[in-house]
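Work through the exercises below with the sequence and the model at hand. Each task is followed by a solution in steps.

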Amino acid sequence: MSSRDTSRLVVELMRRGATLLSESCPTCGGVMLRYRGVTFCPRCSGFTSVEEVESTLVAPGDLLENLEKVLYEGLRDDLRSLTGAKGHEERGALLRSLKEELEVLEIVLRLKELRSKSEG
Ligand SMILES: [Zn+2]
């Protein structure tokens, strides 16, 4: 990718809210960007389009959303199994699993709340 393409990508990303960092890339000495919570060098990363950047970088916020979704799915599965569970042992294992999922879910929800507060 030519340096002109890189500049164009940088401009486009900044228009979408990316910030230019004061430190330069340790590899090429070029500008470093921070976009959706992720720091990277537009030149060394080899990205050619904003779409490519967006599909590759997963911001911390998206991670929480994904984790929350997975946890809810796990909870639903465990609940369904619990209804048909026979015996103490099976029920105990399911309840432990439910408890763990709820504990992580609680943390996820707390982090999301913190994030929404920091975003104002
Ligand atoms: Zn670089």
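**Exercise 1. Confidence**

Find where in the protein chain confidence is lowest and where it is highest.

Solution. Confidence here is pLDDT, the predictor's score for each residue from 0 to 100. Helices (H or I, at least four residues) and strands (E, at least two) are DSSP runs, numbered from the N terminus. The lowest mean, 85, belongs to helix H2 (residues 50-56), and the highest, 93, to strand E1 (residues 19-24). The average over the protein chain is 88, with 94% of the residues scoring at least 70. This is a predicted model, in which local features need pLDDT of at least 70 and side-chain atom pairs count only at pLDDT 80 or more, while totals for chains, interfaces and linings use all residues. Residues are numbered from 1 along each chain as its sequence is written.

**Exercise 2. Overall layout**

State the order of helices and strands, then describe the dimensions of the protein chain.

Solution. Step one: count 4 helices and 3 strands. Step two: reading along the sequence gives α-β-β-β-α-α-α. Step three: the domain assignment, which is automatic or taken from a database, sets domain 1 at 3-56 and domain 2 at 60-118. The C-alpha centres of domain 1 and domain 2 are 35 Å apart. Step four: the C-alpha trace spans about 65 × 30 × 25 Å along its principal axes. Its radius of gyration, taken over C-alpha atoms, is 21 Å, whereas a compact globule of 120 residues would have one near 14 Å. The globule rule is 2.2 Å times the number of residues to the power 0.38.

**Exercise 3. The strands**

Which strands does E2 pair with, and in which sense?

Solution. Strands count as paired if DSSP finds at least two bridges between them. Step one: E1 and strand E2 (residues 31-35) run antiparallel and are joined by 3 bridges. Leu20 stands opposite Leu33 in E2, and Ser24 opposite Val31. The hairpin of E1 and E2 has 6 residues between the strands, and Gly29 takes a positive phi near 80° there. Step two: E2 also pairs with strand E3 (residues 38-40), again antiparallel and over 3 bridges. Thr39 in E3 is the bridge partner of Arg34.

**Exercise 4. Arg36**

Where does Arg36 lie, and is Arg36 buried, exposed or partly exposed?

Solution. Step one: Arg36 is in the loop between E2 and E3, a hairpin with 2 residues between the strands. Step two: Arg36 has a positive phi of about 50° although it is not a glycine. Step three: a residue is buried if 20 or more other C-beta atoms, placed from the backbone, lie within 10 Å of its own, exposed if 12 or fewer, and partly exposed in between. Arg36 counts as partly exposed because it has 16 C-beta neighbours inside 10 Å.
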